[in-house]
Amino acid sequence: MKRTGILMVVSGFSGAGKGTLMKRLLERYDNYALSISMTTREPRPGEEHGKHYFFVDRNEFEGQIADDGLLEYAEYCGNYYGTPRAYVEKCMEEGRDVILEIEIQGALKIKDKFPDTVLVFVTPPDAGELKRRLTGRGTETEDVIRERLLRAVEEARGVENYDYIVVNDELDKCVEDIHGIVTASHCRVQKSIVRIEKISKELSDLSKGEEQ
Ligand code: ADP
Ligand code: 5GP
């Protein structure tokens, strides 16, 4: 029976540790395909085009929207972010476990398109730690950090739409929590119901054979 993959969306406040978690998850397990988003924001030091994001200008991004090249997109703190369609569709076809690390508006659009999507929200242990991580990362100005913390307050209001909340306190524990959610999702009834139907039919045919 062909293996079907899980489509998982990981969201969370800026600075919660999503990028760090995804890196560790992919280093540890080889079943995941992480979608690389397209964005109009400027690269941070150390970020590479095609590895962390596809960095494009607004014109190019709007061209992708017009060509239906994005599965979803949203504006976040003044920049566009979107999920290139082709890679995700190809990985889903191949039955891989696909992860989209995207914000909440995009997450809800994905859930609309693919109702089986598992939505996971990553939170830091508390607000003080979030601010420390954002400041400690050293990649944003004070103004941008303030804007992102305000956005975090808005995002918190949408969290009841998610299936799971994971606390990123101890990094490795959180990685295992996320992997555990995917493992459990593979055992959801609707993913294997066909197998049970097939076994039931075979059992019923077998017992008919015995009766004759
Ligand atoms: P996000 O992708 O959610 O914006 P990052 O992955 O860039 O967040 O993490 C923000 C900062 O917090 C980084 O400097 C990262 O090293 C740090 N960080 C991430 N997870 C943890 C953790 N569990 N404990 C301490 N620091 C962490
Ligand atoms: P950052 O600038 O910190 O890399 O990302 C800002 C926010 O945009 C994060 O919440 C991140 O999850 C989200 N994001 C990244 N890629 C995408 C995407 O393709 N679509 C949407 N909707 N959000 C994204």
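A residue is called buried when its relative accessible area is under 20% and exposed when that area is over 50%. The model examined here is predicted.

**Exercise 1. Strand S6 and its partners**

Determine whether strand S6 is mostly covered or open, and identify the strands that pair with S6.

Solution. Step one applies the cut-off stated above: in S6, which spans residues 79–84, five of the six residues are buried, and the strand is thus mostly covered.

Step two turns to strand S5, residues 70–76. S5 runs antiparallel to S6, and six bridges join the two strands. Within this pairing, Glu72 has Thr83 of S6 as its bridge partner.

Step three examines the connection. Two residues separate S5 from S6 in a hairpin, and the turn contains Cys77 with a positive phi of about 45 degrees.

**Exercise 2. The interface of the two domains**

Describe the interface between domain 1 and domain 2 by its contacts, its buried area and its polar pairs.

Solution. Step one sets the bounds: the domain assignment gives domain 1 as 1–31 + 96–212 and domain 2 as 36–94. Their C-alpha centres are 20 Å apart.

Step two counts the contacts, in which 21 residues of domain 1 meet 19 residues of domain 2.

Step three considers area. Interface size is often expressed as the accessible area lost when the parts come together. For domain 1 and domain 2 the buried area is about 1,800 Å², with 56% of it on carbon and sulfur atoms.

Step four lists the polar pairs. Five residue pairs are in polar contact across the interface, both residues being at pLDDT 80 or more. One salt bridge is counted between the domains. Arg44 and Glu140 form a salt bridge, with 2.8 Å between their closest N and O atoms.

Step five assigns the domain 1 side to elements: strand S7 (97–101), helix H4 (104–113) and helix H6 (142–156) each give two or more residues. H4 gives the most, with five residues.

**Exercise 3. The ends of helix H5**

Which residues mark the start of helix H5, and which residue follows H5?

Solution. Step one takes the start of H5, residues 127–137: a side-chain oxygen of Asp126 lies within 3.2 Å of the backbone nitrogen of Gly128.

Step two takes the other end, where Gly138 follows H5 with a positive phi near 70 degrees.

Technical notes:
Residues are numbered from 1 along each chain as its sequence is written. Chains are lettered from A and ligands numbered from 1 in the order in which they are written. Side-chain values use heavy atoms; hydrogens and water are left out. Buried means under 20% relative accessible area, exposed over 50%, partly exposed in between (1.4 Å probe, protein chains only). Helices (H or I, at least four residues) and strands (E, at least two) are DSSP runs, numbered from the N terminus. Two strands pair if DSSP finds at least two bridges between them. Domain bounds come from an automatic or database domain assignment. Contact means heavy atoms within 4.5 Å. Buried area is the accessible area (1.4 Å probe) that two parts lose on being put together, summed over both. A salt bridge is a side-chain nitrogen of Lys or Arg within 4 Å of a carboxyl oxygen of Asp or Glu. A polar contact is a pair of N or O atoms within 3.5 Å; within protein, one must be able to donate a hydrogen and the other to accept it, and residues adjacent in sequence count only if both atoms are side-chain atoms.
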